[in-house]
Amino acid sequence: MRMDLVLEIMDVPGQLVSILTPVGDLGANLVTVAHRRENKNENGMIPVHLTLEGELENLNAVVERFDEMEITVLEQDGLVKKERFTAILYGHMIDSDVRDTVDRINSVEGLLVADLQIKLNGEDESTSLISVEFDSGLRDLAYSKFMEIAIEKDFLVIDEV
């Protein structure tokens with residue numbers, strides 16, 4: 001049996017080798033790998049396309065190991081598993097408790113703050129770039145929850161950057 005995967009990994013030395021190790025260790029064969037560094041996203045992540053071959057239980061074990069390694073599987077056999085949106089928030093990020101904002105987003109099943117960068121401006125309002133990752137099919141839920149929190153905390157939102 002064959003399985004096509006699209007993973008998302010950091011563009012750092014050794015990362016590609018680390019994701020290939022479980023393939024052989026769990027009894028699957030690597031048929032193809034496409035690793036295009038020029039497709040790096042705003043968070044320094046790049047997609048890696050793998051085609052694996054083996055018994056279904058071995059292939060599923062590889063996918064489970066990727067989950068354990070916290071490697072995002074974006075697609076499996078053409079089905080999108082994870083999506084992401086990135087937005088800019090402007091407001092009193094620190095005063096409104098950044099940890100609370102992240103925890104509230106992460107508390108929704110299937111949503112995860114994947115990246116958060118804050119630019120502080122002394123005691124003035126701050127700017128943050130936030131990326132929210134969510135399971136396929138949850139875009140409306142992710143966006144509505146994100147906007148609910150932003151409105152409650154009086155953040156200006158520049159969405160979908």
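## A nonpolar patch on the surface

In this predicted model, Y90, L156 and I158 form a nonpolar patch on the surface, and together they have about 280 Å² of accessible area. Such patches are made of residues with over 30% relative accessible area and no salt bridge, where nonpolar side chains (Val, Leu, Ile, Met, Phe, Trp, Tyr) are joined within 5 Å and like charges within 9 Å; the areas come from the Shrake-Rupley method with a 1.4 Å probe, and for residues only the protein chains shown count as cover. Y90 lies in strand β6 and is partly exposed, with a relative accessible area of 35%, where buried means under 20% relative accessible area, exposed over 50%, and partly exposed in between (1.4 Å probe, protein chains only).

Residues are numbered from 1 along each chain as its sequence is written. Local features need pLDDT of at least 70 and side-chain atom pairs count only at pLDDT 80 or more, whereas totals for chains, interfaces and linings use all residues, and side-chain values use heavy atoms, with hydrogens and water left out.

## The chain as a whole

The chain contains 4 helices and 9 strands, which are DSSP runs numbered from the N terminus (helices: H or I, at least four residues; strands: E, at least two). Read from the N terminus, the elements follow the order β-α-β-β-α-β-β-β-α-β-β-α-β.

The C-alpha trace spans about 55 × 30 × 20 Å along its principal axes, and 39% of the 161 residues count as buried. The C-alpha atoms of N29 and R104, which are 75 residues apart along the chain, are separated by 41 Å; N29 belongs to strand β2 (residues 29-35) and is partly exposed at 47% relative accessibility.

## Core and aromatic rings

The largest nonpolar core has 19 residues, of which L89, I105, L111, I130, V132 and F146 touch the most other members. The elements that give two or more residues to this core are β6, α3 (98-106), β7 (111-119), β8 and α4, and the largest share, 4 residues, comes from α4. A nonpolar core here is a set of buried Ala, Val, Leu, Ile, Met, Phe, Trp, Tyr and Cys residues joined through side-chain atoms within 4.5 Å.

Rings of Phe, Tyr and Trp (its six-membered ring) pair if their centres lie within 6.5 Å, and planes under 30 degrees apart count as stacked, over 60 as edge-to-face and the rest as tilted. By this rule the count comes to 3 aromatic pairs. One of them joins F85 and Y143 edge-to-face, at 6.0 Å centre to centre and with 70° between the planes; this pair links distant parts of the chain, with F85 in strand β6 (residues 82-91) and Y143 in helix α4 (residues 139-152), 58 residues apart. F85 is buried, with a relative accessible area of 1%, while Y143 is partly exposed at 28%. The rings of F85 and F146 have their centres 5.2 Å apart and their planes at 80°, so this pair is edge-to-face, and it links strand β6 to helix α4 across 61 residues. Both F85 and F146 are buried, and F85, F134, Y143 and F146 form one aromatic cluster.

## A buried polar contact

S131, found in strand β8 (residues 126-135), is buried with a relative accessible area of 0%. Its side chain is joined to that of T86 by a polar contact of 2.8 Å, a polar contact being a pair of N or O atoms within 3.5 Å, where within protein one must be able to donate a hydrogen and the other to accept it, and residues adjacent in sequence count only if both atoms are side-chain atoms.

## Salt bridges

A salt bridge is a side-chain nitrogen of Lys or Arg within 4 Å of a carboxyl oxygen of Asp or Glu, and by this rule the count comes to 10 salt bridges. R84 forms one of them with E8, the closest N and O atoms being 3.2 Å apart; this pair links distant parts of the chain, R84 in strand β6 and E8 in strand β1 (residues 2-10), 76 residues apart. E8 counts as buried, at 10% relative accessibility.

E148 and K145 form another salt bridge, with their closest N and O atoms 3.5 Å apart, and because they are 3 residues apart in helix α4, about one helical turn separates them.
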